[in-house]
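Here are my notes on this model for a first reading. Please keep the structure open beside them.

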Amino acid sequence: MAEIWKGAPAAAALTQQLAERAEVLKSNGVTPTLAILRVGENPSDISYETGALKRCAKVGIEVKQFILPEDYEEAELFKAVETINSDPAIHGCLFFRPLKNKAHEQWIADNLKPEKDMDCATAGSLATVFAGSGSGYGPCTAEAVMEILKHYGCEISGADAAVIGRSLVIGKPVSMMLQKENATVTMCHTKTRNPAEICSRADILVAAAGRARMVGPEYMNENTVVIDVGINVDEEGKLCGDVDFDKAAEKCRAITPVPGGVGAVTTAILAKHVILAAEKV
């Protein structure tokens, strides 16, 4: 039976470290502050926002919320971003995507200062991930994958890793992060031939396909560490990951659950980005 790598212990350890760093900042007259920009009342956005508020409170991060109605005026959105950019007391911004108005979403990505972009929405943040030369921060979820691996002592350097999915949110950035830690990475996607055969050779398997329980035990071996990034709702209305957890847990070395795995660490990574941004002031 596989070891179950839950996210809560990793998140708690990181939160404690960040709280100590927040105290140092405050003793030097800097209060780390996050702006949250949300449009509408999407339940998943509100759920994540609630978790972020709780995490920030534990760390000692102040939060300023910019909440706009679904039928907002363009000027309201632009003013919110301009306020966030111009306020030196705001160190970072989380804005919820996607927006129904794609032009406005792109405007934010083009105009939000990369150094205040906490979840890789801007070109400057993407440059940080892919070229190591930007001023922003990587996607919180992708970094949460790395945080769990490191918390549980997984040997990344020299490992063979397989990533299922190639989105800019998870697949591509986590591939780059693994390579930065000297793993050899194979990316699998919808056009990959024999993905199960390829993945079954991996030491580390990151499942970010967006399909409920598509990854079965044939995608792994007895030494594979499986990180399940998927968040899906099955036919019974229950949350599940991209991995068939019960079957996979009988074969692999370690696996993260859904819920309670990677998702539990993302708000801690968000808080980490805010602290890093505040420390640069």
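1. Some terms come first. Two strands pair if DSSP finds at least two bridges between them. Helices (H or I, at least four residues) and strands (E, at least two) are DSSP runs, numbered from the N terminus. This is a predicted model: local features need pLDDT of at least 70, side-chain atom pairs count only at pLDDT 80 or more, and totals for chains, interfaces and linings use all residues. Residues are numbered from 1 along each chain as its sequence is written, and side-chain values use heavy atoms, with hydrogens and water left out.

2. Start with the open sheet of three strands. Its order is E3-E2-E4, and the pairing is parallel. Strand E3 (62-68) and strand E4 (92-95) each have a single partner strand, so one side of each lacks a neighbour in the sheet. From one strand to the next, the twist averages 20 degrees (axes are lines fitted to C-alpha atoms, for helices over the stretch in contact; angles run from 0 to 180 degrees between N-to-C directions).

3. Strand E2 (residues 33-39) is joined to E4 by four bridges. Leu37 has Phe95 in E4 as its bridge partner.

4. Now turn to strand E5 (residues 160-164). Four of its five residues are buried, so the rest of the structure largely encloses E5. Buried means under 20% relative accessible area, exposed over 50%, partly exposed in between (1.4 Å probe, protein chains only).

5. E5 has parallel pairings with E6 and E7. Five bridges link E5 to strand E6 (residues 184-188), and four link E5 to strand E7 (residues 204-207). Ala161 has Val185 as its bridge partner in E6 and Ile204 as its bridge partner in E7. Val163 stands opposite Val206 in E7.

6. E7 also pairs in parallel with strand E8 (residues 225-228), over four bridges. Leu205 stands opposite Val226 in E8. Both faces of E7 are covered: Ile204 and Val206 are buried on one side, Leu205 and Ala207 on the other. In a regular strand the side chains alternate between the two faces of the sheet.

7. Beyond its neighbours within four places in sequence, Ile227 is in contact (heavy atoms within 4.5 Å) with several residues, including Trp5, Leu149, Val206 and Val262.
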